[in-house]
Amino acid sequence: MRLAERIRHVTLSPTFRINALARRMKAQGIDVLDFSVGEPDFDTPESAKEAGKSAIDRNITRYTANEGTLELRQAIVAKLKRDNGLTYETDQILVSPGAKASLYCATMALFGPGDEVLVPQPYWVSYPEQIRLAGATPVEIQAREENGFRLTAIELDAAVGSKSKGIVLNYPGNPTGACYDRAELEALARVIVAHDLFVVADEIYEKLLYDRRSFTSIAALGPEIGARTVVVNGMSKAFAMTGWRLGYAAGPREIVDAMAKVQSHTTSHPASMTQVAGEVALREAGEDVRRMASEFERRRDAIVALLAKLPGLTCVPPAGAFYVFPNVTGLFGRAIGGREVASGQDVAEALLETARVAVVPGEAFGSPDHIRISFSCAMERIEEGMRRIGAAIG
């Protein structure tokens, strides 16, 4: 069978592949602790759940506008103004079935064959794959561990080539939890404007920041950078609404209109009742988000401290999100469960086989020296998982 050429260059999401393996093991009665998927263990806020159920009871179960309901887009406009100092009209908002869908629409609308898109590495697994699906070429830029996995303006400027058309910025970042302060973003913005690049700013983890940090959207740094930025966000992480599938994008009208064309021929809008729940969450669930963020910070502190006690691992404390990305090169050349390890992939496989702990190998994010561990689970599971890892690596 001859499939489309583009599929040959795209891989299945490694996080879902690891999670599927862990689920199969659990189904076989094996006690697996799964730290692979970034999914909050909190319940969706009650106000959002009740709104979704009420929407069904009121028969709000039909098609909506392709761009999303007016009421939800108005709530998004208000959120972006209130939280980020960004001013948009409702026709500059596109609501999608998940932030991943918003990112895909932006990528398809902005980039194509012959274009290069800069992707700071380590990166979320879907960025380079979506770029390839668009026919463009992802160009990785190493964000150095010694700089907290943050890309500098000098590094960005050096990476821009004649075919560079845009950059994907994700902060707080998956898998590293790295986040930029305002001065760092201003320096990056000057380079971006000077080279006439587009920015796809993935801000899905904006509410999960630690150590009293404040969040700055790069689109808010002035009209020049705002005019070339698509801001992407969603409900999955901060509002524990992963299964509801609700994301959104904001940006210049011409870009959002182009994204809406892509969406109209692929997914169309999110479920109608999901949009009602999302509108209420944005307006009423702020306290739920703050409670979740506080608990995630407590877990962050705990897992960083536990990792510091394990031989062969080092870890940059994440500034946000709910992942740690420990460096495992200190384990290379050693045996875990009788098998010698020489990469993040080896370590991840050995930990699953020996310790019954599922983590994601760093290769999925472009970094074979690391593994990703999600701490979006209960404290007792974190403590038990680190105990098992410690026993496995000796």
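The model is a predicted one. In it, α4 covers residues 99-110 and α9 covers residues 253-264. They pack at an angle of about 110°, and their axes lie 8 Å apart. Two packed helices are described by just this pair of values, the angle and the distance between the axes. The crossing of α4 and α9 is right-handed.

Which residues of α4 and α9 make the contact? From α4 come Ser-102, Tyr-104, Cys-105, Ala-106, Met-108, Ala-109 and Leu-110. From α9 come Ile-255, Ala-258, Met-259, Val-262 and Gln-263. Of the residues in this contact, 10 are nonpolar and two are polar. None is charged.

Next come the strands. Strands of a sheet pair through backbone hydrogen bonds, either parallel or antiparallel. Here three strands form an open sheet, in the order β9-β14-β13, with antiparallel pairing. β9 (323-324) and β13 (360-361) are the edge strands, and each pairs on one side only. β14 spans residues 371-374 and pairs with β9 over two bridges. Val-324 has Ile-373 of β14 as its bridge partner.

Finally, the charged pairs. Side chains of opposite charge can pair when their charged atoms come close. The structure holds 31 salt bridges. One of them joins Asp-41 and Arg-299, with the closest N and O atoms 2.9 Å apart. This pair links distant parts of the chain, 258 residues apart. Asp-41 sits in the loop between β1 (33-34) and α2 (46-57), while Arg-299 belongs to helix α11 (residues 286-308).

Methods: Residues are numbered from 1 along each chain as its sequence is written. This is a predicted model: local features need pLDDT of at least 70, side-chain atom pairs count only at pLDDT 80 or more; totals for chains, interfaces and linings use all residues. Side-chain values use heavy atoms; hydrogens and water are left out. Axes are lines fitted to C-alpha atoms, for helices over the stretch in contact, and angles run from 0 to 180 degrees between N-to-C directions. Helices (H or I, at least four residues) and strands (E, at least two) are DSSP runs, numbered from the N terminus. A crossing is left-handed if the near helix is turned anticlockwise from the far one by less than a right angle, and right-handed if clockwise. Contact means heavy atoms within 4.5 Å. Ala, Val, Leu, Ile, Met, Phe, Trp, Tyr, Cys and Pro count as nonpolar, Asp, Glu, Lys and Arg as charged, and the others, Gly among them, as polar. Two strands pair if DSSP finds at least two bridges between them. A salt bridge is a side-chain nitrogen of Lys or Arg within 4 Å of a carboxyl oxygen of Asp or Glu.
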